[in-house]
Amino acid sequence: MVQSILSEQVNLFLYALILGLILGAYYDIFRFLREIGLNSTPAVIVEDLFYCISISIPIFLFFTAFNSGNIRIFALIGMLIGTLGYRFTIGIVTLKLLRLLLKPIRATINLIKKPFRIFSVFATKKYHIIKNQRMAKKNEKKKTVSQNKQKTTKKKPRVKSPQNKASSTS
């Protein structure tokens, strides 16, 4: 009896280790996405959230199938050990291979992007030149309108009457 219970727990722990290895390999997909450039803060939040939600399904199914739905701490620790074991052994090699494979892919993508960058720089400069010309014309138009207003609203200078001149000289 004790032998069978111990055997079941050892099997549960080993299966948990295997599941942990699989979950570690699954996380490499998200590491790959970060390596290719989806590493902005919002993207990382969405990826991590998706990862957590998506691994909860196999963990739930694991406990349902192998332990009648009972969650055991040693099984969770087994999954953690399996994931970390993958991460610091096979995961390191996988990441190096991934980076090695990404170098030519990135070079190809940059080669494809280069004409678009050149066009973008040219278009941006042309846009700013046109914008500045329009602003200059607009300012010139405002200036002429304000000058015309000043001409039409200009008051005629007051001419002092001879009486005022006489009183002011005395």
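Guide: Let's begin with aspartate 28, which sits in helix H1 (residues 2-35). Helices here are DSSP runs of H or I with at least four residues, strands are E runs of at least two, and both are numbered from the N terminus.
Visitor: Before we go on, what kind of model is this?
Guide: It's a predicted model: local features need pLDDT of at least 70, side-chain atom pairs count only at pLDDT 80 or more, and totals for chains, interfaces and linings use all residues. Residues are numbered from 1 along each chain as its sequence is written, and side-chain values use heavy atoms, with hydrogens and water left out.
Visitor: OK, is aspartate 28 buried or exposed?
Guide: Aspartate 28 is buried, because its relative accessible area is 11%. Buried means under 20%, exposed over 50%, and partly exposed in between (1.4 Å probe, protein chains only).
Visitor: And which side chain does aspartate 28 join in a polar contact?
Guide: That of arginine 31, at 3.2 Å. A polar contact is a pair of N or O atoms within 3.5 Å; within protein, one must be able to donate a hydrogen and the other to accept it, and residues adjacent in sequence count only if both atoms are side-chain atoms.
Visitor: What else does aspartate 28 touch, beyond residues up to four places away in sequence?
Guide: Tyr86, Gly91 and Thr94. Contact means heavy atoms within 4.5 Å.
Visitor: Switching to glutamate 47, where is that?
Guide: Glutamate 47 is in helix H2 (residues 41-67). With a relative accessible area of 8%, glutamate 47 counts as buried. Its side chain makes a polar contact of 3.1 Å with the side chain of arginine 34. Leaving aside neighbours within four places in sequence, glutamate 47 contacts Phe30, Leu33, Arg34 and Leu38.
Visitor: How many residues are in the largest nonpolar core?
Guide: There are 12, including Phe30, Tyr51, Ala75 and Met79. H1, H2 and helix H3 (73-87) are the elements giving two or more residues to this core. By nonpolar core I mean buried Ala, Val, Leu, Ile, Met, Phe, Trp, Tyr and Cys residues joined through side-chain atoms within 4.5 Å.
Visitor: What does alanine 75 touch, not counting residues up to four places away?
Guide: Leu12, Ala16, Phe62 and Phe63.
Visitor: And the whole chain, how many helices and strands?
Guide: 5 helices and 0 strands. Of its 170 residues, 16% count as buried.
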